[in-house]
Amino acid sequence: MCGIIGYVGAEASDRPLAVVMEALSRLQYRGYDSAGVVVVGEAGLAHAKKAGKLDALEGELAARPLQTASCAVGHTRWATHGGPTDRNAHPHLSQDESVAVVHNGILENHATLRQELRAEGVEFASETDTEVAAHLLARAYRDLGNLPDAMRAVARRLEGAFTLLAVAADNPKEVVGARRTSPLVVGLGQGENFLGSDVAAFIAHTNRALELGQDQVVTITPTSVSVTDFAGNPAPTREFTVDWDASAAVKGGFATFMDKEIHDQPDAVRDTLLGRTTPQGRLQLDELRIEESLLRSVDKIIVVACGTAAYAGHVAKYAIEHWCRIPVEVELAHEFRYRDPIVTVKTLVVAISQSGETMDTIQAIRHAREQGAKVVAVVNTMGSTIARESDAALYTHAGPEVAVASTKAFLAQITATYLLGLYLAQLRGVMFADEIRGVLEELDLMPAKIQEVINSEGEIRALAERMKDTRSVLFLGRHVGFPVALEGALKLKELAYIHAEGFAAGELKHGPIALIEDGQPVFVVVPSPRGRDVLHDKVLSNIQEVRARGALTLVVAERGDRAVLEHAERVFWVPQTPTLLAPLVAVVPLQIFACALAGAKGLDVDQPRNLAKSVTVE
Ligand code: F6R
């Protein structure tokens, strides 16, 4: 949560502010309650901050331009402590205006520190936890005489999660950052350097980046980057190259990022499959650097994730259990961490995350590793905390996902977990080579099938337009259709602010069927009739149960499944697909429906209210 950018260049110019504002427009998906910038030039610090989205800050800067400068820091906020007001927007300046800081995370001991500072006569200008860091830093800067030492001294006193960036009024050639748990990456330029909460902050300028570890302080000048731990000892860093460019993070002619990302899905699946099989059709997951003997001895898999990523985990459970005959549990990361789960050295934990920065998932990983389990991260963001803190990272190659609600990352996550399941099956010898090859061949056909569903989006968009005044929608599915139903409901809730619930179709009669009244829209995900007939027929019975009570049944079914016609008001056809792979096509009409309905209601599809893309607080 919260987007952060720091920039330092050689000459005083308009560039620092321009770089920072452009970065904030890319980072807005991390939070958009308020935004602010600070620059350091001849006249010391100059700053501007405004509640609301970035255009409010742009208006402020147009009315009151800032001086030219050689360094600048920017912030876009997702409010935690203190409401989304101008006062609480970052940056926060010390009382003597000697330093300014921006922050992502939560300072858990802010109340104690606030008391201590108040006792010394400091007056607070905001209700944020962050402001204590500004005052502490000014004090340390006065005592120690340089900003990196001052930052280390402050970082040692802070509890909780934080990325802090700071600048000093009397040094326009230096930006200092500190990180504990919250994300921070360095962008390496030529005669200029960058700090960002993720690579999107500086991808328009460089694709060379440095990962930072836990509890590190980084100092950038136009020509140098130095990294230490909180005690001041030099710390190792790892350089990596970002494998996408700025053009991947623009709307590319679509009205919204979400529209674009829905259309990116065939590529997201194709790219995630790419390069992971040998010409002989054997799976080769080079990144899975966990001893094969350990993977053979795994007796339980626990998937930890949140939200949409957890639903990808639900799909993985069905596939991995079927292919590998290993029990798979799927657990919301925040529940896993605090319930004393049974984890042993034979447990493989699979952590799924788009951002790689979800704090709940990070904590779950840490807990699992403390118990001796190995952790494989299925993650979209290179260099992210989850990728670094896991024993191995299996990357999804969805490219940057900018819309706050996840779409293409979901499909890429499902795809990657299929690969993981098949790889384990191959390693443990529980599937024949030609069976695995068969599934891989089917997977290769999925991008074209997803494209086919996207090509028929007109129908579902028209339905969404007609249903824009709907107050409640239910989603039903069985087997892998159940997580698809859950995801369809989540998309509708978060994008269109409509009450929506996903149910296992068989569960309905145990209570929720009481919700059905005349005209209640119910989406039903129908499994393939060519797969396990029983499953198909059971879902048809479930449709009849709700229809008999007045529901308006909207059915997602496999092309050619004529049996559904008599049970549905509307049918949205998807291509014929083996049951376990069907979520990759079945969820697409539901994503399009939610996106179109939110658009029809005039809502901001890319930045729904109250949400942030990367949830870096617990
Ligand atoms: C919903 C959505 C969220 C995320 C969840 C986990 O559309 O985007 O539910 O899936 O916050 O985020 P990551 O995958 O970044 O760990």
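This is a predicted model: local features need pLDDT of at least 70, side-chain atom pairs count only at pLDDT 80 or more; totals for chains, interfaces and linings use all residues.
**Entry 1**

When I sorted the lining of the second largest cavity by class, I had 5 nonpolar, 5 polar and 4 charged residues.

**Entry 1**

**Entry 2: the largest cavity**

How many cavities of 30 Å³ or more does the structure hold? I counted 4 of them, and the largest has a volume of about 170 Å³. This largest cavity is lined by 20 residues, of which Val525, Val526, Pro527, Ser528 and Ala582 are the closest to its centre. I also checked which elements give two or more residues to this lining, and they are helix α16 (481-496), strand β23 (552-558) and helix α18 (583-600). By class, the lining of the largest cavity has 13 nonpolar, 5 polar and 2 charged residues.

**Entry 3: a pair of helices**

Next I turned to helix α7 (residues 265-273) and helix α14 (residues 433-455), which pack with their axes 8 Å apart and at an angle of about 175°. Angles over 145 degrees count as roughly antiparallel, and therefore I describe α7 and α14 as roughly antiparallel to each other. On the α7 side, the contact is made by Gln265, Pro266, Val269, Arg270 and Leu273, while α14 brings Leu443, Asp444, Met446, Pro447, Ile450, Gln451 and Ile454. By class, I listed 8 nonpolar, 2 polar and 2 charged residues in the contact of α7 with α14.

**Entry 4: two exceptions in the backbone**

Before looking at the backbone, I reminded myself that most residues other than glycine have a negative phi, and that most peptide bonds are trans. Which residues are joined by a cis peptide bond? I found that His90 and Pro91 are joined in this way, with an omega of about 10°, and that Pro91 lies in the loop between β4 (69-77) and β5 (92-93). I also noted Glu97, which is not a glycine and yet has a positive phi of about 55°; the place of Glu97 is in the loop between β5 and β6 (99-107).

Conventions: Residues are numbered from 1 along each chain as its sequence is written. Side-chain values use heavy atoms; hydrogens and water are left out. Axes are lines fitted to C-alpha atoms, for helices over the stretch in contact, and angles run from 0 to 180 degrees between N-to-C directions. Helices (H or I, at least four residues) and strands (E, at least two) are DSSP runs, numbered from the N terminus. Angles under 35 degrees count as roughly parallel, over 145 as roughly antiparallel, 65 to 115 as roughly perpendicular and the rest as oblique. Contact means heavy atoms within 4.5 Å. Ala, Val, Leu, Ile, Met, Phe, Trp, Tyr, Cys and Pro count as nonpolar, Asp, Glu, Lys and Arg as charged, and the others, Gly among them, as polar. On a 1 Å grid over the protein atoms alone, a cavity is a set of points where a 1.4 Å probe fits but cannot get out, and a pocket is an open set with protein on both sides within 12 Å along at least five of seven lines; lining residues have an atom within 4 Å of a point. Grid points are joined across faces, edges and corners, and a volume is the space filled by probe spheres set on the points.
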